[in-house]
Each structure stands twice: as structure tokens, then as C-alpha cells.
Amino acid sequence: MSSAPLSIACAALLRRDLTLAWRRRGDIAMPVLYALIVTTLFPFALGPEDALLQRIAGGVVLVTVLLAMLLALDAMFRSDIEDGSLEQLVLAPQPLALMLGMKILAHWLATALPLILAAPLLAGMLHLPAPVMPVLLLALLLATPLLSLLGAVLVALTAGTRRSGMLLALMLLPLCVPVVIFAAGAVAAAQQGLPWLAPIAWLGAALALALVLAPLACAAALRIALDA
Amino acid sequence: MTAATATAPLLLEARALSFYRQDEPVFGPLDFRLHAGEVALVEGDNGSGKTTLLRVLAGLLHLDEGELRWRGSSWQRDSYSGDILFLGHHLGLKADLSTRENLAVAIGLYGQRAGGNIARVLAEIGLSGYEDEPVRRLSAGQKKRAALTRLLLLPATLWLLDEPYANLDRTGIELVNHLLEQHTARGGAALVTSHGAVSFLSGEPKRIRMHG
Amino acid sequence: MANWIPLWLHKLGSPPIFYRFAGVLRPWMLALAVLLGAVALYGGLVLAPPDYQQSDAYRIIFIHVPSAWMSLFIYGVMAVASFIALVWRIKLAEVVAMESAPIGAAFTFITLVTGSLWGKPMWGTWWTWDARLTSELVLLFLYLGVIGLYHSFEDRRQGARAAAFLAIIGIINVPIVHFSVNWWNTLHQGSTVRILGPSKMSGDMLWPLLTMMAATKFYYLASLFSRVRVDLLAMESGKDWVRQIAEREGRQ
């Protein structure tokens, strides 16, 4: 009669969320498809001029990935709230923040990772120079988990409300402004042949901070949201 | 049952428990004590706060007024997590996972009771043959049974069961009573909400009356 | 509640006492706000000499700068009240935080509009991605997020707690946004004209500015008090003290 060890609990939760994501593979493809559509529209709107597309490629890919992630963010806790799994998770004899961290990790793996894998294709469509590609991927690798972590806190806050899609975007905007600035700044600097390490380092520092604080904030927010 | 409780250790004690929603009292003040080996039936009309009481006891809702003590010491949110098992209106089952997978996750989070075996327990609860069926394909009663299986698999002293008899047929109701009997015999305790009359196999349960 | 909080503060936190306290002070606050505002406008628009570079266009700073200052100040008040509301679950703090948000949003909006009006003669454009204006725009979104979250809950107190949490996240975010926007601005070499340059202001310009700052403070307090009073009546409508007030007002 003893409660489950932490590592087993983490693994069980991660496996559950990834299994669920895999059983609904169609939902995973949606954000990628959305990003593809948005990226396709840019040349139509701005003209197929190579120089112009090249100049905006990095920023467009970043913003598109962010919007695609926002699309999937709303669903992070929704089904868990509806079927009562979240209550069971909150009541489990495990640190809630860590459990939520696992959920955020699973969500990142299921939504952001496919987008990062698709990013070279999106950037290629807009003629991003090949040498800049690694910087873009690095920026995405740091920026997307940041967005997942920040987004999770906000989704937890709106967990007690009915519809939250637009509200979530409104709440996320101020938080993602610095993320977008530094991620796009790194790509732009690399494209101009300037040193790009500083903004990447800022992103890394922010990610390290968010990794520690966001799950705790998420747990606190969720307790507020469930307290009804 | 009443004779046994005189010497049994006190598990849960509530003094002047009250809960407000937007300054409207939902229930209370409520006083009760629960000893090891006791089942308490929470009775009251619709809207009298039975579910709210259970959610407060589970730690899902913030306690406004009154005092709660668990095993003699002041109650805190995490002080008895792992000691309790909550079964609410929402069963906490993932529709896309099979019964077996759902239970495996529950064991991963809550730990496994000694000797608990998923296949054997599912057979005991009347779900053999449905182990690998996605929960979405089960009937309402079968889903309830699948959720009840957690009671047999996970270690806990206090069960908080919100309407455990809902959606169950007669054999299902007997099954719940049987589970409760086994649990109290082992020194566990339970709070159960229910509308209808419940026939317990032995003794009269303690009653907590909510003022509607 | 912690016992180091002075008794009078504790008492002031109770809705009926604050209701009466705010009711007594509100007219005075409003009168002071109008009086000081009028004096500051006269000093700023009539007495102060025109700027040698910007001639009369600079006079909008007598509205713009106090508003900008209030937009940050009110966010600070909201965050502190939010913190108190979350830690000690004091109803009055929840109400103060949530009723500050629309006032702060209004000041932020005024800052943006006056900044843009000032930008037209100065930069030749209504909007420029200047670091300060951009930060102010982000601040407006922070306010709107708090207001939106508060109103999306059915349970007002729960909504207030969730929005209070968001307000605290926001206050951590404000300096980060400011820093990143500054960095972004230098990277892209945008227009770096400052509304208030490093040059010293003459006393003729300074005193109307400071008077206006005091006027906006009093206006905020007056507005906050009346909003909080209405909210307290609505939230405590079942309580005896509200019933007594309703009976008294009904008889008159």
C-alpha cells in the first residue's frame, strides 16, 4: 500500500497523453496544415518576388508557427476537464506542477515538434537562404517550448470558462511579444551576417526560467480555475 | 458496525463546515465524524450541496468556514492525498483508451494496492472480455463499473463516492455494496452520496443530512 | 489574516465600512481632480511658453505624460491588490483590482491616442513603432486580457481570482516587454525621437505637468471609489447592510 514513485507517474502520464495524441493523428496534422496554408498565402498577397520573400521568410515562419500553436493550445486541458481526468490528476498523490509539466511536454511533442519538422519546408517555400536555416530551427526549438509553457498557464486560467479561443490569443499576445522579438531577431541577424548568439541566449535563459516557473504557475492557475 | 466504531480510530472530523458560493450558503454548518470501518451516507435533495461537500472534502474546492481534521491533525490540501479516492460525476476515464490502459494510468499516478491485478479485478467487477475495448464503446453502466474498478486497484483509506449507484443495474448496486463492505472490513471508510434508498448488506450506515 | 496588519486597515477591508468611507471621500476627490485639472490645463495651455523646437504641438504632453504615468501606476495598484486578493482572499482587494483595470485601460488608451496625435506633426505619421508607444500598446493588451478573463467567468469571485493571477503574470511581463522592445528598436533603427528628451524642462512647463499628475491621481481615486461602491453593493446584495441602505434610499 504505497503511492507510485514519481518517475513511474511521470512516465504513465506522458505515455497516456502521447497515446491519445497518436490515436487522434488527424488532429496532429491540423496545425501543420494550417501553417502550410498561411505560408502559401503570403506569396500570393505580396507577389513572388524572391528578394522580398527572402527578407520576410524568417518572421513569417515564426509567426505562422506561433499562430498554429495557438490553434492547438485551447485543447490542452479541455478534454481532461470534460471527462474528469483532470480531477483525478489534481487529487493524485504526486506533485501537480511536475505532472502538468509532463502534460505540457506531451503537448509540445504532439503539436510543436511536427511544426518544427515542417519549418524547413515552409522556410524553403519563401526562399530563406540555406545557411540561415539552422538558426531558424534553433530559434524555433527554444521559442516553441516557451510558448507551450506560457500558453499552458493561460489555458489553465481559462479552464473554468466556456469558450476561450479569442481570449487566449488576447492574453497570450503580451507574453509572446518578447519571444517573437528575440526569435525573429536572431534569424534576422543571421540573415544579415551579424552575430545572432545574444538573442538566442536570451531565449535560452527565458526558457530555463519558464521551465521552472511555468509548471508551478500552471498548477496554481488550475487550482483557481477548478475552484468552482 | 456501530459496536465496532466505538474503539476504531477517528479518521475524519468536520466541525461547523460551511461553504458559500457567491456569498450564498450552499451548505452548513455541518458537523460529523467518520471512524475507520464506517460508511456515511450523505443525504439531501437536489441542490443541497452533496456533491459540493464531497469536492470540498477531496480538496478540489476551497473551504470557506469550519474546521476539518484528518487522523487528528489539521487538514491541509496535500495532507491526505493518496489516502483518499474520489469518484465524481465525471468518471475520469479517457474515451480513446481501453479499460486496461485507463487503469494502468491510474495505477501509475496513485500506486497499486498489494495483490491488485488488472485482469482479475476487471473479471471481479464484471468487465471481463472488455479489457481492451475503448471506453467510448462501453455502455453507461459499464463505464461506471470501469471507474469503480479503481476502488479495487488503488490504495486508499477514505473513499469519496458521488452517486456511485447511478446508471447501475441491480447486480451493479449489489457490487458497490459488496465493495463497501470489503473496504470497511479492512478498516477503510467511505462517504457516499445517493438519492435513492440503499440497502446495505449489514447494519445501518451513518447518515449525514444536508439541509436543502 | 496575519495579525501584523493594523486594525484600522483590517476594518477598512470590510465592505460596509469601505462603502461608507469611499462615499464620504469620493466627492472631495472628484472636486480636487477637477480643480487641479483646470489649473494644470490653464498653466499648460496658456501660461507655459511655446517650445522653441516644437512650438505649440508639445502642449499635448500635459495630457499624454500624466496618462502614461497613470497607466503604469494603475497597473501597479492592480497587481498589488491582486496579490493581496490571492494570498489573503480579501474581497475588497479583488474588487479594487478588477475595478482598476478599466480605468487603467482608459488611461492607456488616452496615452496611445495623444501619442499618435502628437506624432502626426512631429514624425509626419499617426503611428510609429517607437519603443515607448509599442510598450504602451502591449500594456493595453495586458489590461484587455485581464478585463476579458474577469468577465468570462460566471462566478465573479472566481473570475476575479483568475484575472488577478493574470495581472501578476503581467506585471512580471511589463519590464521584459519594455526591455525586448527597446532591443528590437535599436536593432531595426526605428525613429528614436523622444517625447521628453534629456533636456531639462523649464519650471513653467514642469509645474502644470506635476499638477496634472496630481489631478489624474485624484480622478483615479474618485472613479475607483464609485466603481468599487457599486460592485460591493452588487456582490453583497444579500447582506443586511445592503438591505438597510436600500431601505433608507427607498424611503427618501
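**Figure 1. Chain B at a glance.** Take the contacts in chain B between residues at least 6 apart in sequence: 76% of these join residues at least 24 apart. Keep in mind as you look around that this is a predicted model. Chain B is built with six helices and nine strands. Of its 212 residues, 41% are buried.

**Figure 2. A hairpin in chain B, and another partner for its strand S1.** Let's start with strand S1 (residues 10-21) of chain B and strand S2 (residues 24-35) of chain B, which pair in the antiparallel sense over eight bridges. To find your place along the pair, look for Leu12(B), whose bridge partner in S2(B) is Leu34(B). How many residues lie between S1(B) and S2(B) in the hairpin? There are two residues between them, and Gln22(B) in the turn has a positive phi of about 50 degrees. S1(B) also pairs with strand S4 (residues 65-70) of chain B, in the antiparallel sense and over five bridges. Here the residue to look for is Ala14(B), with Leu68(B) as its bridge partner in S4(B). A handy rule while you look at strands: in a regular strand the side chains alternate between the two faces of the sheet.

**Figure 3. The parallel sheet of chain B.** Five strands of chain B make an open sheet here, in the order S6-S7-S8-S3-S9, and the pairing is parallel. At the edges sit strand S6 (84-87) and strand S9 (206-209) of chain B, each of which pairs on one side only. If you ignore direction, neighbouring strands of this sheet are turned by 15 degrees against each other on average. Now zoom in on strand S7 (residues 158-162) of chain B and strand S8 (residues 189-193) of chain B, which pair in the parallel sense over five bridges. Leu161(B) stands opposite Val192(B) in S8(B). Which helix lies across S3, S7 and S8 of chain B? That's helix H6 (residues 170-185) of chain B, which runs at about 150 degrees to S8(B).

**Figure 4. A mostly covered helix in chain B.** Helix H2 (residues 50-58) of chain B has nine residues, and seven of them are buried. Those buried residues are Lys50(B), Leu53(B), Leu54(B), Arg55(B), Val56(B), Leu57(B) and Ala58(B).

**Figure 5. Where chain B meets chain A.** Here 27 residues of chain B are in contact with 27 residues of chain A. Which part of chain B gives the largest share of the side that touches chain A? Helix H3 (residues 99-110) of chain B does, with six residues. Sorted by class, this side of chain B has 15 nonpolar, nine polar and three charged residues.

**Figure 6. Helices H2 and H6 of chain A side by side.** Two packed helices are described by the angle between their axes and the distance between the axes. For helix H2 (residues 25-46) of chain A and helix H6 (residues 96-125) of chain A, the angle is about 25 degrees and the axes are 9 Å apart. Angles under 35 degrees count as roughly parallel, so H2(A) and H6(A) are roughly parallel to each other. H2(A) passes H6(A) in a right-handed crossing. On the H2(A) side, the contact is made by Ile28(A), Pro31(A), Val32(A), Ala35(A), Leu36(A) and Thr39(A). H6(A) brings in Ala110(A), Thr111(A), Pro114(A), Leu115(A), Ala118(A), Leu122(A) and Met125(A). Nonpolar, polar or charged? Eleven of these contact residues are nonpolar, two are polar and none is charged.

**Figure 7. Helix H2 of chain A with another neighbour, H3.** The axes of H2(A) and helix H3 (residues 50-73) of chain A come within 9 Å and cross at roughly 145 degrees. H2(A) passes H3(A) in a right-handed crossing. Residues of H2(A) in this contact include Pro31(A), Tyr34(A), Val38(A) and Phe42(A), while those of H3(A) include Leu52(A), Val60(A), Thr64(A) and Leu71(A). By class, the contact of H2(A) with H3(A) has 16 nonpolar, two polar and no charged residues.

Methods. Residues are numbered from 1 along each chain as its sequence is written. Chains are lettered from A and ligands numbered from 1 in the order in which they are written. This is a predicted model: local features need pLDDT of at least 70, side-chain atom pairs count only at pLDDT 80 or more; totals for chains, interfaces and linings use all residues. Axes are lines fitted to C-alpha atoms, for helices over the stretch in contact, and angles run from 0 to 180 degrees between N-to-C directions. Helices (H or I, at least four residues) and strands (E, at least two) are DSSP runs, numbered from the N terminus. Angles under 35 degrees count as roughly parallel, over 145 as roughly antiparallel, 65 to 115 as roughly perpendicular and the rest as oblique. A crossing is left-handed if the near helix is turned anticlockwise from the far one by less than a right angle, and right-handed if clockwise. Two residues are in contact if their C-beta atoms, placed from the backbone, lie within 7 Å. Ala, Val, Leu, Ile, Met, Phe, Trp, Tyr, Cys and Pro count as nonpolar, Asp, Glu, Lys and Arg as charged, and the others, Gly among them, as polar. A residue is buried if 20 or more other C-beta atoms lie within 10 Å of its own, exposed if 12 or fewer, and partly exposed in between; C-beta atoms are placed from the backbone. Two strands pair if DSSP finds at least two bridges between them.
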